[in-house]
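Hello,

Here is the structure I promised to hand over. Please have it open while you read; my notes follow it.

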Amino acid sequence: MRRASLAAAVLLVCALAVLPFLALAGFAVRDAGSGSLWLGAEGLEQLTNTLGLVVGVGLIGALLGTANGWLTACCRFPGRRWLRLAQVLPLAAPAFVLAAVLVDLGSRWGFRVHGIGWALLLLSLTTYTYVFLLSTESFSGSGQRQLEACRSLGVGPWGSFRRVALPLALPSIGAGVALSGMEVVNELGAVELLGVPTLSRGILQRWQAEGDLPGAVGLALVALVLVSLLVGAERWMRQRSRRWNLGPGDAGTLQWPLRGWRCLLAQLLTLLPPMVSLGLPLTWLVASRDHLQSDPLEDLLALTLRSLGLALVAALLTVAGALVLAISGRWLANRLLGRLTFFAGMGYAVPGTVLALALMLIGGPLQLSPLLLLLWGYADRFMAVSKQGLDASFEQIPPSIDESATSLGCGWLAVLRRIHLPLLRGPLLVGGLLVFVDVVKELPLTFSLRPFDFDTLSVRVYQYASDERVGAALIPALLILALGLAASIALMPSLERRERGG
């Protein structure tokens, strides 16, 4: 009974997370007999393009992320440590910002940036980091004894990679590809600027431009099926990755020295993605300095305060909800609650336009405030971003500490306040920062649900880029890049710990 309040809080968080999708499913069931959920000719094209982008970006990201993960984890060459940290920098540049930069530079220098080929390139550069982070962790910790045996038998780096390291890392690589696929399905701004019809773009067009709500729900259901397959693949791959973790915990990572042309090739391959991701915006800034324009200072200040205020409130709500879900695993041994907390953390896989449509199906009849729906959507979508770090940190706190506090008469709330919160200060701050920056960069959800005349930095950059007002888009784009760099820097300590562990 002393934990009934925790169970009630968990049920409330789970209900708020799952309710939008139940509303979407209920609307689809109600209108299923009318035939209005049919995709149509445009819907089939949007589905085909989305699948093509998911497959193409997955292949390119798998090659680039795996190569860079192996080179920076198991090879030794000048600058390797800094180049390993630099692999998280592409997360600082949202795909729609890079698309706006390339479209404008192309118009200046006489080449056209348009179509699915450019979308494949941009989305691969901005999502391959997921593959890199998971593959480099696998290369650093798995199969070290097998690699040492290969080396003792005279097998070189390429043979060891092909015969031992790659098969062991395949589950982690597959999980990273699935995560990048979820980001591709969610993308709106880049595909809109590059003229590529996708499901995310089609949902917004049918819903807001054409007023075809049943058609938008039909596309949303297709997108949900696609991301459900990606989520299932990601979880299956992660489970296989856990079973294949065969390396000793303290033996260090085996590294091969690279010299000559191999060293130069490794440096070029690991330097190119972060250089392109940050070099293109800087080149754009230099090329556009004569056209620099800005909104009046009052408007720019209001725009920034709106973005930061939304991000701060959303980060606080999301971290609080994630903390409730994470702590329930230690105090509530209930299989049903465990399944509910899993489904509550799936919002990260759902495209922003799908989540926005589901929230409007709830908020429209109830006349809820658009700001309330927007904050609800942020918390639902980014719950997993904070929860994953908290889950990992809770696993490092011995349960005997909780048992000792309970034997002294402390309830779960007292243990949380006196023990867990001081120990989790770092993960809470990192999780809050990541959610904060993700909210600032979020475009589909914000563009779909924002109140009238309530723009944010990401929405303003997208609007200016669509109207070819490059000068006015510079300052908001630079602010987004600066906040993205903060999120990238927040991920670097984990890579540093792996480096010291190796």
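**Aromatic pairs**

Searching the whole structure turns up two aromatic pairs. To pair, the rings of Phe, Tyr or Trp (its six-membered ring) must have centres within 6.5 Å; planes under 30 degrees apart are stacked, over 60 edge-to-face, and the rest tilted.

Phe-111 and Trp-118 are stacked, because their ring centres lie 6.1 Å apart and their planes meet at 20 degrees. Phe-111 is partly exposed, at 34% relative accessibility. Trp-118 is partly exposed too, at 26%. The scale here: buried is under 20% relative accessible area, exposed is over 50%, and partly exposed is in between (1.4 Å probe, protein chains only).

Phe-447 and Tyr-462 make an edge-to-face pair, with 5.3 Å from centre to centre and 85 degrees between the planes. This pair joins distant parts of the chain: Phe-447 belongs to helix α19 (residues 444–449), Tyr-462 to helix α20 (residues 457–466), and 15 residues separate them. Phe-447 and Tyr-462 are both buried. Helices here are DSSP runs of H or I with at least four residues, strands are E runs of at least two, and both are numbered from the N terminus.

**How to read the model**

This is a predicted model, in which local features need pLDDT of at least 70 and side-chain atom pairs count only at pLDDT 80 or more, while totals for chains, interfaces and linings use all residues. Residues are numbered from 1 along each chain as its sequence is written, and side-chain values use heavy atoms, with hydrogens and water left out.

**Charges over rings**

Two arginines to look at. Arg-450 lies over the face of Phe-447, 4.8 Å from the ring centre. Arg-306 has its charged end over the ring of Phe-454, at 5.4 Å from the centre. The test asks for NZ of Lys or CZ of Arg within 6 Å of the ring centre and within 35 degrees of the ring normal.

**Salt bridges**

Side chains of opposite charge can pair when their charged atoms come close. The count is five salt bridges, each a side-chain nitrogen of Lys or Arg within 4 Å of a carboxyl oxygen of Asp or Glu.

Which residues form a network of salt bridges? Arg-450, Asp-455 and Arg-460 are linked in one. Asp-455 meets Arg-450 at 3.0 Å, N to O. Asp-455 also bridges to Arg-460, where the closest N and O atoms are 3.4 Å apart. Asp-455 is buried, with a relative accessible area of 10%. Arg-460 is buried as well. Arg-450 is partly exposed, at 22%.

Elsewhere, Arg-381 forms a salt bridge with Glu-442, and their closest N and O atoms are 3.4 Å apart. Arg-381 sits in helix α15 (residues 370–394) and Glu-442 in the loop between α18 (425–441) and α19, so the bridge ties together parts 61 residues apart in sequence. Both Arg-381 and Glu-442 are buried.

**Helix α4**

Helix α4 covers residues 95–109.

Is α4 buried or exposed? Of its 15 residues, 11 are buried, so the rest of the structure largely encloses it. Among the buried ones are Phe-96, Leu-98, Leu-102 and Asp-104. After α4 comes Gly-110, with a positive phi near 85 degrees.

Ala-93 is buried, at 2% relative accessible area. Its C-alpha is 7.1 Å from that of Thr-126, 33 residues away in sequence.

Trp-261 lies in helix α11 (residues 261–287). It is exposed, at 56% relative accessibility. Trp-261, Leu-265 and Leu-268 form a nonpolar surface patch, with about 360 Å² of accessible area together.

Ala-67 is in helix α2 (residues 40–74). It is partly exposed, at 23%. The C-alpha atoms of Ala-67 and Ala-266 are 9.0 Å apart, across 199 residues of chain.

Two terms remain. Patches take residues with over 30% relative accessible area and no salt bridge, joining like charges within 9 Å and nonpolar side chains (Val, Leu, Ile, Met, Phe, Trp, Tyr) within 5 Å. Accessible areas come from the Shrake-Rupley method with a 1.4 Å probe, and for residues only the protein chains shown count as cover.

Best wishes
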